[in-house]
Amino acid sequence: MSTIEEQGTSLWQDAWIKLSKNYLALFGLAIIVLLCVVSVLTPWIAPYGYEEQNLLLGATSPSAQHWLGTDIFGRDMLTRIMYGGRVSLTVGFIATAVALVIGVLWGAIAGFVGGRVDAVMMRIVDIMYALPFMIFIVLLMVVFGRNILLLFGAIGAVEWLTMARIVRGQVMALRKQEFVEAAHSLGLSQWTIIRRHIIPNTLGPVIVYTTLTIPSVMLLEAFLSFLGLGIQPPQSSWGLLINYGVETMEEFPWLLIFPGVTLSLTLFALNFLGDGLRDALDPRTSKD
Amino acid sequence: MLRFVFYRLLQAIPVLLIVISLTFMLVHSAPGGPFSADKAVPPEVIKALEAQYNLDQPLWQQYISYLGDVLKGDFGPSFKYPGRDVTELIAAGLPATAELAFYAMLVALVIGVSAGVAAAMRPNTAQDYIPMSAAMIGICMPSFLLGPLLVLVFGIYLEWLPVSGWDDMPGDKILPAITLGTGYAAYIARLSRGGMLEVLSQDYIRTARAKGLSEPLIIAKHALRGGLIPVIAFLGPAFAGLLGGSFVVETIFQIPGLGRFYVQAAFNRDYTMILGTTVFFSTLIIVFNLLSDMLAIWLNPKLRQQTRGES
Amino acid sequence: MALLEVNGLKVYFHTRNGVVKAVDDVSFTVDRGETLAIVGESGSGKSVTCYSLLDLLPKPPAKIEGGTALFDGEDLLRCGAKRMRHYRGNDIAVVFQDPMTSLNPYISIGEQLIEPLIYHPDNQRKQSREDARARAIELLVEVGIINPQARFDCYPHEFSGGMRQRVMIAMALINEPRLLICDEPTTALDVTIQAQILELIKKLQQTRDVAVIFISHDLGVVAGIADKVLVMCEGTIREAGDTDAIFYHSQNDYTKKLLNAIPEGAKTLPSRLQADNLLVEVTNLKTHFIDHSKAGRQHKVIKAVDGVSLAIQRGEILGLVGESGSGKSTLGRSILQLAPTTAGQVSFDGNPLTGLDSKQMVPWRRKMQMIFQDPYASLNPRMTVYQTLAEPLLYHGLANSKNIEQQVRQLMDDVGLAHGQMRKYPHEFSGGQRQRIAIGRAIATKPELIIADEPVSALDVTIQAQILDLILDLVERHNLTMLFISHDLSVVRCISDRVMVMNKGVIIEQGDTETLWKNPQQAYTQQLLKAIPIADPRLERSRLSNL
């Protein structure tokens, strides 16, 4: 046969093309990549040491030596923000991963098994939705001390609920789709159907929601650290830096503004990327 | 509807029981007793204190008697404020928190819904982009950052508004309400825009246009009810979030409310206070979730009839 | 002067992927009291033409690029929003396609009915609520709503599809318009309901002498009610003229193609039925569901299939017709053991299938396949044609890594797809091509039985004809036995050797197709057959007047 084979555009490629036209989302992606690279390299590229104090210097406004100024102990603010970012991002990613694993498994099992199991599992999710989680996290941190591992677990345990609902809804909808029924009528095994037909079609919403969970997790961490119930010194995070900044904001406003701007910018970037992914992966906007 | 409320209230009982048990167990499994912070206290004094608070009894007995007390609305005495009951402290803090939450919700709903509806009416124009960009900023600007910044600008530099207190000076409620409400206004704006866009693309809106109804009437009568359902469903969770947010806002603005009490109790390890407020907050949140669900059902004739059909 | 005179209308859609000329230089006139039918397949621009008259298109992406539309001498395209409100629902009213989505679910139908009266922009014509209510109830009686006083305050979901469309018609007529636009008003309805609605529109049109623009994809539907016909394709008018001229003396190739594509008459190929060679036997099959959608303690049991017995002989095409909710789809799925059966027996080639678990079913699955209605939903959007077609072959060990590509090519030849499209994804194909892929997947394992569930219902009439030809051809070449499920009686007649009529979960009549058509025994079957519109104006007019 001498016909030329046309190469098709998969939905993933189509989504990537759409995303690459969305400048806000690309900007978000660039910021996140930059932040991740900087965080990994911080110990080598930070201008000063993490513990380096200069009590004689005290708080100074931004200058050539200290681009973002120094705090009341004369510590370089840029260095503090870089180290704080390592913690904030780590919490964001790991707690999201916890939420992702629990949520996807829970939702997928409920969606697949269906019937009574599904009813019970989703009832549990409903009940947990009604619980005052913020209060529980505060309680956990008070009771068990301010442990970073516990923080991952606690935040992850809150954020998985929505993921479970999304995955379950997606699986339920897919199970009713005719192409899944066609796969059944071909006699494919349950596992083959899951692997080839369900998972690839569930991935889109999961990716979108994961991207949108990271900022809400980081916000929660910053919230707790701000109250003094999250990350503890000597470790530092953006929430904690904002907390310190507030205490001295009347005299040294940059100590509040710089960590604040960094946190907000990161949240922006993640939200833009999430929104962009949502638009790009939405099958309704794809050409047919 | 009555039957629906009854069932939901019935379901709330196990949820509350779980909350109470979980909190009780957490608090009592905490390493170190409530009085261990005071190092210099001799052991016999601790013993006496523990006896006073029934801490020398077996755990299950404490649990049963606590449950009994909670049923009577008695959350027991505070550990840190001797002579004062937790119930009394909650009653003292509640008005300020309730008022703050009310104003914040008002800010969130009024700004959020009007911005969202305005954006949905002319999508992909300035009328959409400007409020939605503002909403994005609102979402990425957490209350603990927005509050101090507002204080810095309006309180310290411009000196327009008081920076702390509650019911002390005129206008001292403006900044806290905005701080707490902004994030939710932003979220509600996005929800209502999405909901309205969905509804405005429905066939029945085209029918209304084809009938010659005016655009404002179409929005108000045909679109709003369906378009705001996501917002109504969000009201319950939003209320829970507002209570959590009050921790921060009341701390920043030094408002004598429940949130600040709770944070202080957390730091002071005032266990009965923590236990009491948690149970109280949970009850409130469950009630508000129920109310927001009822509202959503009442607005949808199909669901309304189904729940009526049940009774 | 004509009531409506459209001249050189151009409506373009400015989309991400370029400009689409949805309506390109369309001109026509409608006189007072006249019925004009605009006929075309999907994407022909027939609806866009009419929506642009009332400024009902979403802008952007739509943009009116040129032309005039004079209604009583005033140009509708340039009259401004205020004047437009005056025309909408007043001089010109619309009945939309889907009465389910076109009525607001949150507002009672009574309130929706009286809106055009009480919110009218003309102050002199505004009416009080009581007057409006009285007028609305009058109209509800006229369109055939029983007990309108009580139904006035009901919500749309409490009405059946046909009743909802009657309400829509009443709503359109409430201000006594001079032009009524009906956009596929019967497409979402069952055939018996369609007949009632057509009759109603015709009656109302005659008593009021209102002009009607009737948009449809179905030439049969418009044959009996239209005075003039406009055939559209890809945004342009292909042919326009009196109904009889279009149907009997068409000059245009596209019109002829449309007319030829209408399924008509009996199956032309001889039956391949092998008597006394039973392939499938179903005895007293029951499939009941519990309806979880209703809130509440007592779950309602839906008896989708309620005691069906049937036999499919090797080599035959057995048609299964029924209206929506008759249980015909569930019956098809139950035979293939894709829906959990409640009671009864299904046996295939003498082997009982009921009671087998999914592992034991695997060897049988290869021998029986299904073709689904919606070619958009029945293909995994993330798999290429190659992957979709190779999956059954590899899974059942019918091909190995060496000859798989060759076999897939063979399948693509069978269903008429170009080899070059092997690596493309479903969203890159048209509906008809997708259905070809789905058919290819179904015949991949060389099955003996194929159950086709409305395989052509989602397709345009010309594509429908091609797919029906393909199915007949494949049955012939691959020695297939087929259960062909459809709501469309004409399609079933032209493809099947034998036919069964299903209603409310049971088979009420069956027999040789032509015998049953000529001499239906059951009242329900007679009613069904009488309701089929005929694409022949003279016959259709006499059919409508005899109803």
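A crossing of two helices is called left-handed if the near helix is turned anticlockwise from the far one by less than a right angle, and right-handed if clockwise. The structure examined here is a predicted model, in which local features need pLDDT of at least 70, side-chain atom pairs count only at pLDDT 80 or more, and totals for chains, interfaces and linings use all residues. Residues are numbered from 1 along each chain as its sequence is written, and chains are lettered from A and ligands numbered from 1 in the order in which they are written.

In chain A, helix H8 (residues 190-227) packs on helix H10 (residues 254-281) at an angle of about 165°, their axes being 8 Å apart; helices (H or I, at least four residues) and strands (E, at least two) are DSSP runs numbered from the N terminus. Axes are lines fitted to C-alpha atoms, for helices over the stretch in contact, and angles run from 0 to 180 degrees between N-to-C directions. H8(A) and H10(A) are therefore roughly antiparallel (an angle over 145 degrees), and the crossing of H8(A) past H10(A) is left-handed. Residues that make the contact include Gly204(A), Ile207(A) and Met218(A) of H8(A), and Leu263(A), Leu270(A) and Arg278(A) of H10(A); two residues are in contact if their C-beta atoms, placed from the backbone, lie within 7 Å. By class, this contact has 14 nonpolar, five polar and one charged residues, where Ala, Val, Leu, Ile, Met, Phe, Trp, Tyr, Cys and Pro count as nonpolar, Asp, Glu, Lys and Arg as charged, and the others, Gly among them, as polar.

Chain C holds an open sheet of four strands in the order E2-E1-E4-E5, with antiparallel pairing; strands pair if DSSP finds at least two bridges between them. Strands E2 (18-30) and E5 (74-75) of chain C stand at the edges with a single partner strand each, so one side of each has no neighbour in the sheet. Strand E1 (residues 4-15) of chain C is joined to E2(C) by ten bridges, and Leu9(C) stands opposite Val26(C) in E2(C). Helix H1 (residues 46-53) of chain C lies across E1, E2 and strand E4 (62-71) of that chain, at about 70° to E2(C).

Chain C is also in contact with both other chains named here. Its contact with chain A brings together 27 residues of chain A and 31 residues of chain C. On the chain A side, helix H7 (178-185) and H8 each give two or more residues, and H7(A) gives the most, with six. The contact between chains B and C takes 22 residues from chain B and 26 from chain C.

Conventions. Angles under 35 degrees count as roughly parallel, over 145 as roughly antiparallel, 65 to 115 as roughly perpendicular and the rest as oblique.
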